[in-house]
Amino acid sequence: MYKPNLTIIGLMNNVNKKIAKQLSTALQMHLLNTNDLIEYETGIKLNLFLNDYGEEYFYKYEKKLLGTLDKYENVLICTSCTALFDFENIKALAKTSYIIILTAQMQLIEERIEKSRFCMKNSVLKNWETYIQNISENANMYDIIIDTSTATPKDVVENILKELNRIVK
């Protein structure tokens, strides 16, 4: 079944964005980053949004937002791993998107998070097992799963393009 959009879900927003930008350029798709969209809609930077409203409200806001994205076409949606904490998010995205999951080895993820200014790093590290469990339990819902541990963003994009060609044919 053809789907008009792609969704990239990964842990590190800066890595997701870099890969998504390269992929959207290669495929001539519009790029929609959900964190950027939340900032735009609320007028509040994400770290301030989280400080003011908390993570639970962020998850609810994100879920509501993800449920509205099926109205778009030719869009590459870039969202964080928090989307995987609620399976309803994946069901909503899968209606009109090929789902691409970016993973990495746990030690590398921990190192990347510790070095980052990621405002939800404690929560994500705490929920990492849920993230991994959701990936393995629901692997049939994802169209592509890419391990980014040793790959450059360019390599990841090339692997995604190969997998998309295989799927769409």
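User: Which residues do ring pairs link into a cluster?

Analyst: In this predicted model, the cluster holds Phe49, Tyr53, Tyr57, Phe58, Tyr59 and Tyr61. The count comes to 7 aromatic pairs.

User: Why is the pair of phenylalanine 49 and tyrosine 53 called tilted?

Analyst: The planes of phenylalanine 49 and tyrosine 53 stand at 45°. Stacked needs under 30 degrees and edge-to-face over 60, so the pair counts as tilted. The centres lie 5.2 Å apart, and the cut-off for a pair is within 6.5 Å.

User: What separates phenylalanine 49 and tyrosine 53 in helix H3?

Analyst: About one helical turn, because they are 4 residues apart in H3 (residues 46–53).

User: How do you know whether phenylalanine 49 is buried or exposed?

Analyst: Its relative accessible area is 1%. Buried means under 20%, so phenylalanine 49 is buried. Tyrosine 53 has 46%. Exposed means over 50%, so tyrosine 53 is partly exposed.

User: What makes the pair of phenylalanine 58 and tyrosine 59 edge-to-face?

Analyst: Their planes meet at 65°. The cut-off is over 60, so the pair is edge-to-face. The ring centres are 6.0 Å apart. Both residues are buried.

User: Where does the lining of the second largest pocket come from?

Analyst: Strand E1 (5–10) and helix H8 (153–168) each supply at least two residues. H8 gives the most, with 4 residues. The lining has 13 residues, and Leu6, Leu27, Met29, Leu164 and Val168 lie nearest the centre of the pocket. The pocket holds about 200 Å³ of space.

User: How many residues of that lining are nonpolar, polar and charged?

Analyst: The lining divides into 9 nonpolar, 3 polar and 1 charged.

How values were computed: Residues numbered from 1 in each chain as written. Predicted model: local features only at pLDDT ≥ 70, side-chain atom pairs only at ≥ 80, totals over all residues. Heavy atoms only, no water. Buried < 20%, exposed > 50% of the residue type's maximum accessible area, 1.4 Å probe, protein only. 1 Å grid on protein atoms, 1.4 Å probe; cavity = no way out; pocket = protein on both sides within 12 Å on 5 of 7 lines; lining within 4 Å. Points joined across faces, edges and corners; volume = space filled by probe spheres on them. Nonpolar A, V, L, I, M, F, W, Y, C, P; charged D, E, K, R; others polar.
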